[in-house]
Amino acid sequence: MESLLQRAAEVSKEHPKPDVTFSYGTAGFRMRTDHLDSVMYRMGLLAVLRSKAKDGKVIGVVVTASHNPVHDNGVKLVDPRGEMLQPSWEKHASELANAEDIVEVLRGVVEEHRIDWNVPAKVFIARDTRPSGVEFVKALLDGVQALGGSGRDYGVLSTPQLHYMVRCQNTEGEYGEATEEGYFNKISNAFLDLRSLSGKTGVPVVKLDGANGVGALKVKMLAKQLKGTLSLVICNDGSSGKLNEKCGADYVKLYQCAPDGMDINPGDRCVTFDGDADRVLYFYYDKDHKFHLLDGDRIATLVVGYLKEKLDKTGVVLDRGLGIVQTAYANGNSTSYAESTLGVPVACTKTGVKHVHHKAEEFDIGVYFEANGHGTALFTNDVVRKMKAVVQDTDASTERCKAAKQVLSLIDLVNQTVGDAMSDMLVVESILHEKGWSLEDWTAVYTDLPNRQRKVAIKNRNVIETTDAERKVTAPQGLQDEIDKLVSGYKNARSFVRPSGTEDIVRVYAEADTREAADSLALAVSQKVYDLAGGIGDRP
């Protein structure tokens, strides 16, 4: 062990650490590319230790900065079942990234987790389309090899594809085949099964904003396997525009407008991915050319409503039931619709995939979508067993059998490891097709409260502390009182603020009964944050 640790320290000299403090946040490390070479190398080292600590299971590493501009990049680790890195290891990632003496930190991790050095380590690596990713993969492999691990470079993949590969490999094929072809085969076959079971005809036309990212490349491959059941018009495909520049899910959500690079007519069904294809949102213009966004809340309630309908038809009773998990960003009316109209329990957690994902695991069927379009559905083995039993014990011509088959096909279509823009899009398309709904029909199910998000740059994001699933501020003192006063001046209003997990900014959310009121409240709260939390730059 000691010889490999010393070797890791020696190779580390080829990847010198800049004078920067790193922090492993909700999405791993993310910042300008010129700061990240040493981090990449060190995450290769950590991935080896994580693999050994998990009895030689494959650990994934994704080089991506998601919705950030092309001049940024980042890296995150993926645990054996394709889920986010266990939170207790995030501190190891930050400590190692900042360490002057990496041997001391590595030795500490080995001792703390009683790692057996004789266990072989395996690491899967993939990257998005950012040019900097090529060199960063080399740095990661340097780290993996320095500690004697085995690294496999999958090249360019969407983030969800890499999560999928990791889970497939660690379940020895039970979840699927750990290849890109296996991924496409699984979700396309499930989609075609649902299309057949629906008994409906027609080929919807979908205009897709690929954010000039990896999703645009991969969805072209997917489209070839859908056998003409869905017509995809792919815009912002990376052939000319820049990654995430005035396009992509984050842009559409933040600015409440269509991306550049799309020719849209009223009523067109439009979809947008983010840069690494783990978020998806729908949008359209009505006949008056008014913009309408169908975000993660809408997708969650659509999926939950569909599953509840199918469960009711099967007559299957689940011990822990069907539930929906939201964050503070969820639109207030989506919560009311889920609880009052659908009759489905709603749980609220802190923002971040790691929080909502684990909460969703408390249900037999747990559906989560953050408002930004990142989400999925999780199913226990008990659900699969009970649905298969219905299929085996019921006349195939009955609605009960058909409903059970549809649940089983949906389970195969969903990427249960993480939010997946391609998979989630096909889930939505399956449900809309069966219901015969346009986006206008979907919008009419309930009315969103107008909302607005803003960002405020501050000196140190750590001065902001929150509680109640980030819906209340506990520091700095007096800020929550000011927010409460402002909210009281608007109808059907609420607002909250929370620090970014990756940069020194505060995210502000506000909703109210009108667009003007939501905009006004968001601005007023942003100004209070600037005044009381150490704002920098121009005051909002």
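I began with residues 295-437: the end C-alpha atoms lie 16 Å apart, and the span is 56% helix and 14% strand. Helices (H or I, at least four residues) and strands (E, at least two) are DSSP runs, numbered from the N terminus. The model is predicted; local features need pLDDT of at least 70, side-chain atom pairs count only at pLDDT 80 or more, and totals for chains, interfaces and linings use all residues. Residues are numbered from 1 along each chain as its sequence is written, and side-chain values use heavy atoms, with hydrogens and water left out.

I looked up the record next. An unreviewed UniProt entry carries the annotation "domain: Phosphoacetylglucosamine mutase AMG1" over residues 178-280 and 295-437. UniProt positions are in the numbering used here, feature names are shortened, and annotations may be inferred rather than shown by experiment. For residues 178-280 I noted 35% helix and 16% strand, with the end C-alpha atoms 23 Å apart.

I then turned to an open sheet of 4 strands, which has mixed pairing and the order E12-E11-E13-E14. Two strands count as paired if DSSP finds at least two bridges between them. Strand E12 (346-349) and strand E14 (375-379) are the edges, each pairing on one side only. Neighbouring strands here are turned by 20 degrees against each other on average, direction ignored. Axes are lines fitted to C-alpha atoms, for helices over the stretch in contact, and angles run from 0 to 180 degrees between N-to-C directions. Within this sheet I checked strand E11 (residues 322-327) and strand E13 (residues 365-369), which are parallel and share 4 bridges. Leu322 has Ile365 of E13 as its bridge partner.

Val353, Lys354, Val356, His357 and Ala360 are buried. Their cover includes helix H3 (87-98), E11, E12, E13 and E14.

My last entry is an open sheet of 5 strands in the order E1-E3-E2-E4-E5, also with mixed pairing. Its edge strands, E1 (29-32) and E5 (150-156), each pair on one side only. I found strand E2 (residues 58-63) antiparallel to strand E3 (residues 72-78), joined by 4 bridges. Gly60 has Val78 in E3 as its bridge partner.

Methods:
Buried < 20%, exposed > 50% of the residue type's maximum accessible area, 1.4 Å probe, protein only. Contact = heavy atoms within 4.5 Å.
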